[in-house]
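Q: I've got a model open and would like to learn how to read it feature by feature. Could you walk me through a few?

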Amino acid sequence: MTDVELALNIIGGRPDLLIYGGDDTERFGDAPFEEYLTELEYDPQHPVWSQIFPAEQGDQGPFVGHCRWWMTLALPLEEGQDSLAAVSFGLLHRLWQMEATSARVSSPSCYRWQRMFQFLGKPNSVHALREAILKRCTLAHVLRGRRWYAIFCLKEREARPNTFERLAKRARLGLAGVIGNDCFPWDRLILNAPDVRNLHSRPLRCGRFGVIGLEASPGPMGAITYDENAAARHLRASAERFPPGAPLIVVSHAPPYGVLDLAARFGVDRIGSRALRAFMREHDVRLVLCGHVHSQGGQVQRIGNCWVVNTANHDDKDAKGRVASIDIEGGSIQRVEWLLPHTYKTRALVECGSSRTERLEKAGIRLWRDVLDTPAEELAAASGAQPKIVRKWLLHARALQEKRFLPLESPFIPKPFPPRIIYYDIETLPSGFGEQIWLIGALQPGASKVVQFLAKKPSEERAILEDFMGLIDAQPDATLVCYSGSNFDHRILASRLRHKRPKHCGRFDARTKLDLQTYIKSQVVPPCAGYGLKEMAEATGIPMRHSMGGYLLSMAYLESIRPQGGRLAFSWKKALQYNEDDVLAMPRLLRRLYEDMEKFADSPLGHPAMASSRQFRELSQHGLTLALSEWGPSWKME
């Protein structure tokens, strides 16, 4: 079962259309490479042909290339030959002799020859070599210069079935999509299967909507890129296939310029399509589905009446898959819901890494719900994990099922908690661009509003550090509390003070500090797949006004201060709201955690030796009563 199929099971029912936004298309199957080469005109600069005809070879002899999961053998044909069976005995004899030569010489070309003979079964005679070759598929006859060549394909492995075909059967109109800039030209053929459509070349009608595609991305990165003028012409021509004024859905690998397109992989820059953004202004585009910018995946932005949904995923092994479920009624987008298949897998459980997940999947234990139906002894045997780890998995699976925090130990005795707290959160430049702090938010003991210190330009960082130190100096007995799991805020603040305000270093280093994530992680399992602040806030219903991550916010800030033209306006209001929500989420999360602990104490599942609700509320020696009561039962965001 693929992540997409798992997401479809979560949705239930039968969607009208499945859409894929490009890149890494080969993960869904192997394109019919031989069909592609048959149609492809020879071009010595083309990446495919450059691999089939290695540059270091001469023009007279046979050529061996390696392209993806294919070995390719190119044999020159004599003038007038029209059959591969007519390849001369002399050429075959030279080819057979290459086996002995390649075994004695170490070079990339000789390595390819060795692999080719291995896949041919190491024939022991010229006749056996001819028979081995003729059993292979002829890919093409190619004219290179003045000489014709016959291309044979030698498969390193069997072709994988096209998963898109299987997925297409799950939707009323099948599956449609485009390839990305990291795909290769032959990957288009994966989208030319039964019930599967390449939207770049074949637009589709879906209800009232015309659905058109734009593959690849504007240059210069990638195997396939496009010129913006060519993209503009393509979009206009695609739109003309539908009645004038028809509402459109655009499936573009690249986002529109200035919308969910800020990237930092090769320097901070906007890498969206200007042609697509102009097209949106000229036509009635209601929805743009895109990817390309990995860090913006899982984000939605409204541009007038158009929704832009970026479903990009990272491409590492343990990357979290993102699937968006979009409801359309009439001519309007009603809802965009993110389905995260990884949160349903055993990988979501604490201390269940990729290797343990793979072992569990081999035993048929794929989802965390399966863990609840499997005896602990079987889980330990299948995964190789220690019994204490298996116990955590079972406990976490129950917390996910019941959607509440559960204690790691019973009876639950809260760890000591400081009675007076200053919650704070910092925003810094993205990793790799320095440690500058540009925003600090703090919630003081007994306060109901967050105090914030903002540096709109780098030269103001010194001032906000001074102001923050003034705030915490006014509360000398308060513990500084951040949320990261690695004391990130504490460490970066100490570093910036040493750099900008060394006179305060001693006092800051001497302050009592606590990382709330570490405090929580040591006592409970969460009602979600991880201990991230936003992840737990979403799981527990704590309001967060913006779905983006801190990294995206910091990249946008970095773009705003860089001395370059064409920058987009930075939303200071959104930045302040984002920071304020993070600060307020900490005491709210703490309150929710201990409310769940009280409920657990009174439930039949609670340990008989565990503190009762009344006793729990009287644990003043731990500072919890004071720490939670400062915000009161009715405390909420203004």
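This is a predicted model: local features need pLDDT of at least 70, side-chain atom pairs count only at pLDDT 80 or more; totals for chains, interfaces and linings use all residues.

Q: Which residues does a cis peptide bond join?
A: S410 and P411, with omega about 5°. P411 belongs to the loop between strand 20 (406-407) and strand 21.

Q: Is H292 buried or exposed?
A: Buried means under 20% relative accessible area, exposed over 50%, and partly exposed in between (1.4 Å probe, protein chains only). With a relative accessible area of 12%, H292 is buried.

Q: Which residues of helix 9 are buried?
A: An α-helix has 3.6 residues a turn, so residues three or four places apart point the same way. In helix 9 (residues 274-282), the buried ones are A275, L276, F279 and M280. Looking down the axis, they fall within an arc of 140° (taken from the directions from the helix axis to the C-beta atoms), so they line one face of helix 9. The face turned away from that buried side carries the exposed R274, R281 and E282.

Q: What covers the buried residues of helix 9?
A: Here contact means heavy atoms within 4.5 Å. The cover includes strand 9 (209-214), helix 8 (228-239), strand 12 (248-252), strand 15 (285-290), strand 16 (299-303) and strand 17 (306-310).

Q: Which residue caps the N-terminal end of helix 9?
A: For polar contacts, look for a pair of N or O atoms within 3.5 Å; within protein, one must be able to donate a hydrogen and the other to accept it, and residues adjacent in sequence count only if both atoms are side-chain atoms. S273 is the cap: one of its side-chain oxygens lies 3.4 Å from the backbone nitrogen of A275.

Q: Which side chain does H504 join through a polar contact?
A: That of E466, at 3.1 Å. H504 lies in the loop between helix 15 and helix 16 (505-510) and counts as buried at 5% relative accessibility. Leaving out residues up to four places away in sequence, H504 touches E466, M469 and L497.

Q: In what order do the five strands of the open sheet run?
A: Two strands pair if DSSP finds at least two bridges between them. The order is 23-22-21-24-25, with mixed pairing. Strand 23 (451-454) and strand 25 (513-515) are the edges, each pairing on one side only. Strand 21 (residues 421-428) and strand 24 (residues 479-482) pair in the parallel sense over three bridges, and Y423 has V481 as its bridge partner in strand 24.

Q: How many disulfides are there?
A: A disulfide is a pair of cysteine sulfur atoms within 2.5 Å, and the count comes to zero. For C290, the nearest cysteine sulfur, that of C306, is 9.6 Å away.

Technical notes:
Residues are numbered from 1 along each chain as its sequence is written. Side-chain values use heavy atoms; hydrogens and water are left out. Helices (H or I, at least four residues) and strands (E, at least two) are DSSP runs, numbered from the N terminus.
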